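Let's take a friendly tour of a protein fold, strand by strand. Have the model open and follow along.

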Amino acid sequence: MQKKSFCEFNRLRFTRFSRKSYALFACMGREVIIGTLSVATLTHTKAEGISVRTDAVGDSLQHNELRLDEVVVTGSRVPLTLSESAKIVSVITREDIHRAAAETINDLLKSVTGVDVRQRGGFGVQTDISIRGGNFDQITILINGVNISSPQTGHLSADFPVSMEDSERIEVLESPAARVYGTSAFNGVINIITRQSGNEAMAHLYGGSYGYAGGNGSVSIDAGRLGSNGAGRFRSMLSGGYTRADGGTPNSDFSSTRFFYNGGLSMDNFSISGQAGYSYKPYGANTFYGAASTDQWESTERWMFALNGTVKVGKVHIAPQLYWNRWYDHYQWHKGNPAGENFHKVDSKCVSANAWVSTSLGRTSLGVEVREESVLSTSLGNPLAENEWQATGGHDAQDGKFYKFKDSRTNVSAFLEHDILLDHWTFSLGLLANMNTGNDHRWRFYPGLDIAWRPDNRWRLYASWNMALRMPTFTDLYYSGKNIEGNHNIRPEKTSDLQLGASFSAKGVAVDAQAFYSHKTDMIDWVTYSTLSPSGEPESDGIFHSVNFRLDNVGAELNVRFLPQQLWGERFPLATVGLQYAYISENPAYTVNVISSKYAMEYLRHKLVLSASGRLWKNLELSLSWRWQDRVGENNPSYALLDGRLSWNANRWRLYVDGENLLDKRYHDYATIPQPGRWLRAGVAVSLWRK
């Protein structure tokens, strides 16, 4: 059927959808809102111009069944939908978020197959997030495509200024993505997409065990189509929240304050958007950084600002980005005691530009990024002359306390990528060229290749090979304490990863399977090791040193999702059934005789997640999730946890009761840090105003 045939007649009629670009909507040159198609139709539809915005379509459709394949996702330097992408990207949808027995984004990520979420304190007080056997320093975390990862330490990266209610979806890419997001995307990327549309004011109040209480509020405005031709759109969203708890274990109390803004204006060939965030979290740190002190304390404070733009000049799309992140970190080995106290101020400033063009040969992208990272500290960096000392800053600034150490580095990256999109194939070939002044000022090159084959609408087969680099954090380089010592000469990490995968989707079922192999060199770990005494006997100084080592990593993942309501209609009570399993085996090789390791020798070997959700009666829904984990390393016994949510979902409000660790298991994510037993919480979310 020719495109012009749709546009030449006053009466338009069609009989079926195909996976071709759908001419009816494309030729109209504007967004078309569809509110009467069934879930199954949308699931098997690919039509340019169709909106899958849940606020526009309406409540009659299940959000998680809207054409997810046609959402532009993380994975390449040019905009590609999930169906076009040459990588498998896991997506936590807004409906998944509402169903989960979780109050934080950290808790949501526990359900993603290859993601390891290790909590030092309950309620997500401090959370380390890693992917495929790596550690918390080896991933990039984004908010709306903006890098918010800390160059000081990955311990701070998961202090998000956004809440679950702010999130439209969360995308997880489980493989190196250096040629897309730079050197910190060593093992993968987590991209939090906030709500971008809707006219609504919302309030959310909650409370529970261990003195847990708090609330969130947000206001979003979407002006819709602007201008005489209706080509423009203005949107804005402001949110804020506060949470506190006494803690489920000794010295794990905390409070958290956060604010976030996101807004933008889009026209025919131009758009600009901005976001700003703030968070402040003081908390009891129990034995987080060493078993010798049970009354540690820490506070983290974050500021973030970003501007993004897109302009189309002829066939060329240009997307500049500017962002600034600042972290304040205040730590005490003994709460209230200046001995063992540290103050840090870390900045990450970046300017970048990405340009792409579509031709008959495919889509070609060129980009450049310049990022400056710096630290002022009472312990991290090179010593400053006394006349260069600076007073401590942030919420916890103290008179008479000075930053006496400093370091900075500039990271320059150039990107090249070419994507070839055919009817059944996607080829993506890219290259990262990188130079860092904190290394040796030499340019290094990291290529990558991704291939996807789609033999039909149900199957996709993937293969990829990528190389990546990660610079040491300032903590790796400099941090020293009672039983820990950094290494100024530590080398950057390098990896070469091979991945194979397959994806199958049909009405009522979706299956993803992946296998991967990584060869990693100059990996960074903190270890104690033995040396020979003068008498020839092995001995250890008991200090954790940052060292480089080699690592081979192999694993496999399976993700199965069954959707009965697609088969038997929405009256069927069971909505989703899921199974996720991940297996990893690692073979580290050190140049020293290692006695103990903080991170590399404590990877998650087995992870199994079983989940189900459905309707019990009218608007009453139940979601259950059972998670079993088996971790390598001493004092890391396997454990299984059962979480659940019972909720009543009405048109303008939602009432729920959550149970975490319902079977009251005693467990540890870190060997010396116990986690809370069973705890309950309840909440209500209300739409105060909706248009």
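## Two isoleucines face to face

Look for I141: it sits opposite I190 in β9. Those two belong to a parallel pairing, in which β6 (residues 139-143) and β9 (residues 188-194) are joined over five bridges. Keep in mind that this is a predicted model.

Zoom out and you'll see an open sheet of five strands, running in the order β3-β8-β9-β6-β7 with mixed pairing. β3 (89-92) and β7 (146-147) are at the edges and have a single partner strand each, so one side of each has no neighbour in the sheet. What holds such neighbours together? Strands of a sheet pair through backbone hydrogen bonds, and they can do so parallel or antiparallel.

## A run of antiparallel strands

Now hop along to β15 (residues 296-313) and β16 (residues 316-332), an antiparallel pair with 15 bridges. Here E301 lines up opposite Y328 in β16. The two strands make a hairpin with two residues between them, and G314 in the turn has a positive phi of about 65°.

β16 also pairs with β17 (residues 341-359), again in the antiparallel sense, over 17 bridges. In that pairing, A319 has N354 in β17 as its bridge partner.

## A nonpolar patch on the surface

Which residues form the nonpolar patch on the surface? Among them are F234, Y261, F270, L307 and V370, and the whole patch has about 990 Å² of accessible area together. Strands β12 (232-245), β13 (254-266), β14 (270-286) and β18 (362-377) each give two or more residues to the patch.

Take F270 as an example: you'll find it in strand β14. F270 is partly exposed, with a relative accessible area of 40%.

Note on methods. Residues numbered from 1 in each chain as written. Predicted model: local features only at pLDDT ≥ 70, side-chain atom pairs only at ≥ 80, totals over all residues. Heavy atoms only, no water. Pairing = 2+ DSSP bridges. Helix = DSSP H or I, 4+ residues; strand = E, 2+ residues; numbered from the N terminus. Patch = residues over 30% accessible without salt bridge, like charges linked within 9 Å, V, L, I, M, F, W, Y side chains within 5 Å. Areas by Shrake-Rupley, 256 points an atom, 1.4 Å probe, with all protein chains shown as cover. Salt bridge = Lys/Arg side-chain N within 4 Å of Asp/Glu carboxyl O. Buried < 20%, exposed > 50% of the residue type's maximum accessible area, 1.4 Å probe, protein only.
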